[in-house]
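Please view the structure before turning to the numbered points.

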Amino acid sequence: MGDRHAHSQIQTHPHQLHVRPYQEGGMMKSQKGPSATQILAIVTLLPVGGTLLCLAGITLAGTLIGLAVATPVFLLFSPVLVPATLTVGLAVAGFLTSGAFGVTGLSSLSWILNYFRQGGKSMVPENIEAAKRRMAEAAEHVGQKTKDAGQKIQSKAHEGKEGARTT
């Protein structure tokens, strides 16, 4: 009976190293600190991370200095840059529109091919009417967006012309 009490008491020694056991490969081992792999990772990655952080700071400073130097140049050449920007913007919009039409055409051909492979069973008059209605709504939405974008571009071009006249 007295033997049971001796085993249940906890003894503490403040000068002992606390050892945490962990299991690796089916055997219990004791871990005394970071492994050599962890230390090697820290030793190699800390300088790399610091170097990259310094490069990011230098890049930010260079960008800000370049912007400060280039801003007066942009103001002087704005009568040339605004129309050039509009031209490039419209060209990019044209290429994107062309790509969108191409993707739409390919998806339409794919849908038609799948329709004929299935024997034309999926075409129900109600589905056709719903599809026509959705297509009309989509066309109307795209038309409105295109009209809004055109008006926005035209107003920016007008603002650019007025800004060029006042300088």
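1. Helix H2 (residues 36-76) contributes the most to a nonpolar patch, namely 3 residues. The surface patch consists of Val73, Phe74, Leu76, Phe77 and Leu81, which together have about 500 Å² of accessible area. Patch residues have over 30% relative accessible area and no salt bridge, and nonpolar side chains (Val, Leu, Ile, Met, Phe, Trp, Tyr) are joined within 5 Å; a salt bridge is a side-chain nitrogen of Lys or Arg within 4 Å of a carboxyl oxygen of Asp or Glu. Areas follow the Shrake-Rupley method with a 1.4 Å probe, and for residues only the protein chains shown count as cover.

2. The model is predicted: local features need pLDDT of at least 70, side-chain atom pairs count only at pLDDT 80 or more, and totals for chains, interfaces and linings use all residues. Residues are numbered from 1 along each chain as its sequence is written, and side-chain values use heavy atoms, without hydrogens and water.

3. Val73 lies in H2 and is partly exposed, at 40% relative accessibility (buried is under 20% relative accessible area, exposed over 50%, partly exposed in between; 1.4 Å probe, protein chains only). H2 bends by about 35 degrees at Ala70, with Pro72 following within four residues; the bend is the angle between axes fitted to the seven residues ending there and the seven starting there.

4. The chain has 4 helices and 2 strands, as DSSP runs (helices H or I, at least four residues; strands E, at least two) numbered from the N terminus. Buried residues make up 1% of its 167 residues.

Conventions: Patches are made of residues with over 30% relative accessible area and no salt bridge: like charges are joined within 9 Å, nonpolar side chains (Val, Leu, Ile, Met, Phe, Trp, Tyr) within 5 Å.
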